[in-house]
Amino acid sequence: MVSIQDTEFTIDDGRIESLEEYLSPEKLYEDLISRVKKYHPSDDISIIARAYRVANEAHHGQVRKSGEPYIVHPLYVSIILADLELDKETIVAGLLHDVVEDTILTKEEIATLFGDEVALLVDGVTKLQHFDMEESHVSVDKEKIEIQAENLRKMFLAMAKDIRVILIKLADRLHNMRTLSHMPPEKQQRIARETLDIYSPIADRLGISRIKVELDDLSLKYLHPDVYADLTKQIAVRKVEREKYIQSIVNEVSAHIKNAGIEAKIDGRVKHFFSIYKKMVNQNKTIDQIYDLFAVRIIVDSVRDCYAALGIIHEIYKPIPGRFKDYIAMPKPNMYQSLHTTLIGSSGQPFEIQIRTYEMHRAAEYGIAAHWKYKEASDGRKAGVGEEEKLAWLRQILEWQRDLSDNAEFLNLLKSDLDLFSDSVYCFTPTGEVKNLPAGSTPIDFAYSIHSAVGNRMVGARVNGQLVNIDYVINNGDRVEIITSQNSKGPSRDWLNIVKSTQARNKISQWFKQELKEENVARGKELILDFCKSKGVNPADISKQEYKDAIMRKYGFHDWDSVYAAVGHGAIKEGQVVNKLLELFDADHKKNMTDEEILESVRASAKKVTKIRTGSAGILVKGTDDLAVRFSKCCSPVPGDEIVGFVTRGRGISIHRSDCVNLASLCEHDRGRIIEAEWQQEEEITGKYPAEIMIYATNRTGLLADISRILTENNIGIITLNTRVNKQNLVTMNTTFEISSREELSRVVEKIRAVPNVVDIERTKG
């Protein structure tokens, strides 16, 4: 029998063991049914049998990259869902989750065969199939950012409609990660990065640790193969000695717990690879310096027994100061509960003990899936216990979706909120309510965690009864009181540089946007009219509602005033809006033109295009004649970047990336100088272009050599490379090198990002 546990990492020998390749579809189906029957109250599995027959027939003849029949994949997805003990409708949707995407079967046919509930689940998963999350600070293509953000919005809306959609998607991703070895290396890296950035944090937020830890470890295996191999080697070195040591602790603890009359289940293990790796990176330590490499878990019947067992443990072993965490009294945001304490064993080796009840253990392993009961509520729908607490963060994200019209901003907020490496600090309101904030939070973060109105009216704060500065860093256990005033003029822009929480930063930004919205709308309208005037465009010609609707869909706005406001505060450029409206206008009117009129229009357009070459590549600049055109050095555009031209005084046209910081200041007082530009066809571009990036890392011996080696191995010519180290031992490395396209730049950046100790990489914007 294959379970999630069976296919998890075998830590001791550093290999991922799986029985999948040895099982036929028929055996897998039998295994699936036996699992469902173990937990489901109904003996009727006819709907699952029918779904298997339909899926098997629909996928007949299809094979995976590994060469196995395609039906094996949906079977394993359903087995993972069965291990989470989900309802039969979810199991059926797991079996059918690819049929609409990959076969001739339609959503309507699924509804006829299996009911509307299954059809909606399958449809929800199908809409997420093309989800492709690249890192926004690597991808500077605004079109891609728009697509990324829209895909994320779809994902969270699907989750809001029925959380089972994302549970199926997580199971789908887990099995794909288990079989990722059959993919090309580039795709392995992309999928692993996407998994670590999005799917693993979602599993964490839903509290499903048994899926989260496996996704983490598999991602590490493909993102940092050298680190992964080194970890497995080091952990396997003293395998027998370690097993003996853990067993001796388990035996000793078991004897004392039993003597105290407490019924308990006790086991020991080595922590998961990614957990160890994360501690090594965050604490800048070697594996030998990690305190809690080993963990012993004690599972008892009641909360009272948890604290009783803790007292016994602290009598046996010496606890390490500052290493005790009470997640029972103060649960994690995903409602995880347990007592954690790190102790020194008799041999001097530190280890961690986790103490929890059986109910807490089930919630920790299965998360929100543990609350998916099969009892019918009074209205006939399935009732979930504790779902509201688990999904509080989802409600927050849905609020952002409603409030944020800027897709790039939504993307950044979401990534920050899903940050795997963020630690928490627990503090209290004056009435004793617990608040969980990101480490490094200030009273401003605390104020906005209570309510946006409290944050907007904040004028000061007291911590533990003493007045403090607004940039005071909150510590665990602090009692925080916010001082407000009705006469407050609102938050300061400086607060954006102080706050740590995504929630506070979002609410402050929203306040400024709302306060200045009328001013931004008026300015945006003026900028668009001025641009139309400079181009000889009649605004009335391009103001058709269907053209406006297309612009709003493209940039994710809800109304036209939001477009004006975005132009007014600089989120998008008026030229982008007007040029797109003109494209729609021209396309609309060409439908009714004669052949002669179309030919004349093409001739006129051709006269207004200047073509330049730098190296072997060409750029088309529209609407100019006989002007010198050159690349700007401030932002170093490369083929594939979104670009615009800027008409300089006496030096022709300079080509900038559209996100260039200098471009924003250049056109602040004269936006009419912005001109449309684009690259020639990709196959015509063969030259080399300078690209500049900033690399941030924690310092170590050999860091520079490792990064230089990657550039050399990829035949990248280095132009400049400057490095500096600050007092906190953090490295900032600025390097300029030659590449042929943005795709090549992205590949190089991803390889550098995989270098140990590299924290972040960003491309310079001028």
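Modeller: Buried means under 20% relative accessible area, exposed over 50%, and partly exposed in between, with a 1.4 Å probe and protein chains only. Helices (H or I, at least four residues) and strands (E, at least two) are DSSP runs numbered from the N terminus. This is a predicted model, in which local features need pLDDT of at least 70 and side-chain atom pairs count only at pLDDT 80 or more, while totals for chains, interfaces and linings use all residues. Residues are numbered from 1 along each chain as its sequence is written, and side-chain values use heavy atoms, without hydrogens and water.

Colleague: How many residues of α10 are buried?

Modeller: In α10, 15 of the 21 residues are buried, so that the helix is mostly covered. The bend at a residue is the angle between axes fitted to the seven residues ending there and the seven starting there; α10 has a kink of about 45° centred on Thr195. After α10 comes Gly207, with a positive phi near 80°.

Colleague: Which geometry do the rings of Tyr317 and Phe351 adopt?

Modeller: Rings of Phe, Tyr and Trp (its six-membered ring) pair if their centres lie within 6.5 Å; planes under 30 degrees apart are stacked, over 60 edge-to-face, and the rest tilted. The structure holds 4 aromatic pairs. Tyr317 and Phe351 are edge-to-face, because their planes stand at 90°, with centres 5.2 Å apart. This pair links distant parts of the chain, 34 residues apart: Tyr317 is in the loop between α15 and β5, and Phe351 in strand β7. Tyr317 counts as buried at 5% relative accessibility, as does Phe351 at 0%.
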